[in-house]
Amino acid sequence: MTQSQTQIKHCRQESETAALAQSLGNALVKVLTSNTNHHLNIALIGDLGAGKTTFARYLIQGMGHLGKVKSPTYTLCEPYPINLDQQLLTVHHFDLYRMHSPLEWQEAGFAEYFDTPGLCLVEWPEKAENTLPPFDLQMTLTAGNTEPERVITLQAKSILGEQLLKQI
């Protein structure tokens, strides 16, 4: 893997984390509007309290969602329709933390969301083991020494993921 395919961001304040998420949201809008048939998958990995849901909230708002962004911890998935350049696409935000086995993921019937234009943002993807489609971007969030501090590693896993990293 080349150096350009991985970026490490040190966010010392929540405002820096928000700015990174919004920058990624802007890059996603550019990629998705360049071809309205694009579909991207992003994995959010990190310990409990590492800031995955907060990052997802800022990212979805950075893509243009104006309403509240809820944690999908109990519902497993929250859809957010976003109007991008006269094209309606959906961001599906998943939180698989409460899943006990990959079979739950398969039985939930969410696999079809990975085949439609838009974005699937998945917290705790390891809970579904190898049943998820490949990711374009894998993000690992690590809490720092102080509460707002985060180290965020972004790793491209596809050509679309590389395009995203070049734009943030």
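Let me begin with a term: two strands are said to pair if DSSP finds at least two bridges between them, and strands here are DSSP runs of E with at least two residues, numbered from the N terminus. What we are looking at is a predicted model, in which local features need pLDDT of at least 70 and side-chain atom pairs count only at pLDDT 80 or more, while totals for chains, interfaces and linings use all residues. Residues are numbered from 1 along each chain as its sequence is written, and side-chain values use heavy atoms, with hydrogens and water left out.

Turning to strand 7, which covers residues 150-156, we find it paired with strand 6, residues 137-143, in the antiparallel sense over 7 bridges. Thr142 has Val151 of strand 7 as its bridge partner, and the two strands form a hairpin with 6 residues between them. Strand 1, residues 6-11, also runs antiparallel to strand 7, joined by 6 bridges, and here Gln7 is partnered with Leu154.

Which residues of strand 7 lie on its covered face? They are Arg150, Ile152, Leu154 and Ala156, whereas Val151, Thr153 and Gln155 make up the uncovered one.

Now to the salt bridges (a side-chain nitrogen of Lys or Arg within 4 Å of a carboxyl oxygen of Asp or Glu), of which the structure holds 2. One joins the side chains of Glu147 and Arg150 at 3.4 Å, N to O. Arg150 is buried, with a relative accessible area of 8%, and Glu147 is exposed at 62%, where buried means under 20%, exposed over 50%, and partly exposed in between, using a 1.4 Å probe and protein chains only.

Technical notes:
Helices (H or I, at least four residues) and strands (E, at least two) are DSSP runs, numbered from the N terminus.
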